[in-house]
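User: I would like to go through this model label by label. Please set each value against its cut-off.

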Amino acid sequence: MFRRSNLIPYKAPLTEQNLPDQSGKVFIVTGGNSGVGKELVNILYQQNATVWIATRGKERSEEVIQEIKAANPGSRGQLHFLKLVLDDLTTIKAAAQEFLSQESRLDVLWNNAGVMTPPQGSKTKQGYELQMGTNTLGHFLFVHFLTPLLKQTAKVSPPNSVRIVWVSSMSIDFAVKPAIDFDNLDLHIDEDPMTKYNRSKVGNLCHAAEFDRRHPGSGIVSISLNPGLLATNLQRHYSKGQMIFIKLMANPPKFGAYTELYAGLDKSITTQDKWETVTPFGHKEQPRADLLDVTMAKKFWDWTEDQVRSYY
C-alpha cells in the first residue's frame, strides 16, 4: 500500500521549537536511551518534564542522562532510569512497581522500545519469538500494571492529555494477509523475520484500538503511530543492500521523535481517534482497511492476555 506520508512526510506540527512547558508532568519512554527514544527524552526534558527512561541498560542510560542534562543546563526537569527487560515477562511487574513506588502520576507512556529482524530463531526468556515477545507481549504487560495510575491521572488532568502511545511501524502497510495468523502464533510454520516483525507491529495497532474499548470512559487516549523511515539501531541486522537504501532514504531519529511527540502531546488528538494512527511526522490517518478489523483486535487482545496472565 502506497502512503504519501511514508515517502513524503507531513511537516512536523510539534517540535522542540513550539512544545509548551511540561513542568509537573511525568512520562515514561521505553527504549529511551538510544535512537528515537533518546531524541524524544531530550525534547521532553528541555521543557522541564520528569522522564523515566525504561530500558535494560543502566550504564548506557546513565550516560544518556548525563549527556542530556549537560546539553540542557537550564532545564528544571528530572531524568530517571527504570530497569525494564521486555523480553523477560517475569521482570516486568517489578519494573512497574518500582515506578509506582516513586511517582503519584503518569501523563504519557510511550511504548517506544523494539527489536526488528533479529537472527532467525531468536526468542524471549519464555520462548516467544523475540519480536512478538518484546514489541508486543512485554509492552502489553507493562501497560497492564500502569493502567490504574493512568486512569487516576486522567481524573485530575485536562481532557485527552493522558495517553498511551503504541509505536507501530510503516511496514504494517505492507504486511501479508492475514496480518495476524491466529493459526500460527506459535510459529509451528516458520516465517521470515520481516513478516514476524510486521505481525508484532500490527499487534501494537490492535492493542491501541482495543484498549479504548476495554476501558470505556477512562479518559486515556490510546493511539498507535508509524514513526517514519528512520536511520536507527533498529536496522543493525539489515543486509548491506538494505543499509544502502536506509542511508539514501531514511531520516534522522529526531524526526521520529517529532511523530511520537505529536501522538503523545498534540492537543488535536482525542479519545475519538482510537482507529486513527499517527503517521510521519505528525498527521492522523486510518491504517490499511483490513487492519481495521474489530474482531481481529479483540481476538489478539484475548490471546495476548492469555499469554501474560500468569505474570500479573
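Analyst: Start with the cavity: on a 1 Å grid over the protein atoms alone, a cavity is a set of points where a 1.4 Å probe fits but cannot get out. Its volume is the space filled by probe spheres set on the points, which are joined across faces, edges and corners. The model is predicted, so local features need pLDDT of at least 70 and side-chain atom pairs 80 or more, while totals for chains, interfaces and linings use all residues. Numbering runs from 1 along each chain as its sequence is written, and side-chain values use heavy atoms, without hydrogens or water.

User: How many cavities reach 30 Å³ or more?

Analyst: The structure holds 2.

User: What makes a residue part of the lining?

Analyst: A lining residue has an atom within 4 Å of a cavity point. For the largest cavity, that gives R3, S169, M170, I172, D173, N226, T277, T279 and P287. The second largest cavity is lined by P118, P119, Q120, G121, S122, E129, Q131, P193 and K196.

User: How do you sort the lining residues by class?

Analyst: Ala, Val, Leu, Ile, Met, Phe, Trp, Tyr, Cys and Pro count as nonpolar; Asp, Glu, Lys and Arg as charged; the others, Gly among them, as polar. The largest cavity then has 3 nonpolar, 4 polar and 2 charged lining residues. The second largest cavity has 3 nonpolar, 4 polar and 2 charged as well.

User: Why would W52 and F99 be called an edge-to-face pair?

Analyst: Rings of Phe, Tyr and Trp (its six-membered ring) pair if their centres lie within 6.5 Å. Planes under 30 degrees apart count as stacked, over 60 as edge-to-face, the rest as tilted. The count by this rule is 8 aromatic pairs. In the W52 and F99 pair, the centres are 5.4 Å apart and the planes make 80 degrees. Edge-to-face is therefore the label.

User: What does the pair of W52 and F99 link?

Analyst: Distant parts of the chain. W52 sits in strand β2 (residues 50-55), F99 in helix α4 (residues 92-102), 47 residues apart. Helices (H or I, at least four residues) and strands (E, at least two) are DSSP runs, numbered from the N terminus. Both W52 and F99 are buried. Buried means under 20% relative accessible area, exposed over 50%, partly exposed in between (1.4 Å probe, protein chains only).

User: What makes F140 and W301 a pair, and of which kind?

Analyst: Their centres are 4.7 Å apart, inside the limit, and their planes make 75 degrees, so the pair is edge-to-face. F140 lies in helix α5 (residues 130-155) and W301 in helix α9 (residues 294-308), so the pair ties together parts 161 residues apart in sequence. Both F140 and W301 are buried. Ring pairs link F140, F211 and W301 into a cluster.

User: How do you know what span to expect for α9?

Analyst: The expected span is 1.5 Å times one less than the number of residues. For the 15 residues of α9 that should be 21 Å, and its end C-alpha atoms are 21 Å apart, which agrees. Among the buried residues of α9 are M296, F300, W301 and W303. Their cover includes α5 and α6 (193-214), where contact means heavy atoms within 4.5 Å.

User: What makes α8 largely enclosed?

Analyst: In α8, 11 of the 13 residues are buried, so the rest of the structure largely encloses it. They include P253, Y258, E260 and Y262. Helix α8 (residues 253-265) should span 18 Å, and its end C-alpha atoms are 18 Å apart, which agrees.

User: Why is G282 called buried, and what does G282 touch?

Analyst: G282 has 9% relative accessibility, so it counts as buried. G282 lies in the loop between β7 (277-279) and β8 (283-285). Leaving out residues up to four places away in sequence, G282 touches K11, P13, T259 and Y262.

User: Is L187 buried, exposed or partly exposed?

Analyst: L187 has 23% relative accessibility, so it counts as partly exposed. L187 is in the loop between β5 and α6. Its phi is near 55 degrees, a positive value in a residue other than glycine.

User: Which peptide bonds are cis?

Analyst: One runs from K177 to P178, with omega near -5 degrees. Another runs from P280 to F281, with omega near -15 degrees. F281 lies in the loop between β7 and β8.

How values were computed. 1 Å grid on protein atoms, 1.4 Å probe; cavity = no way out; pocket = protein on both sides within 12 Å on 5 of 7 lines; lining within 4 Å.
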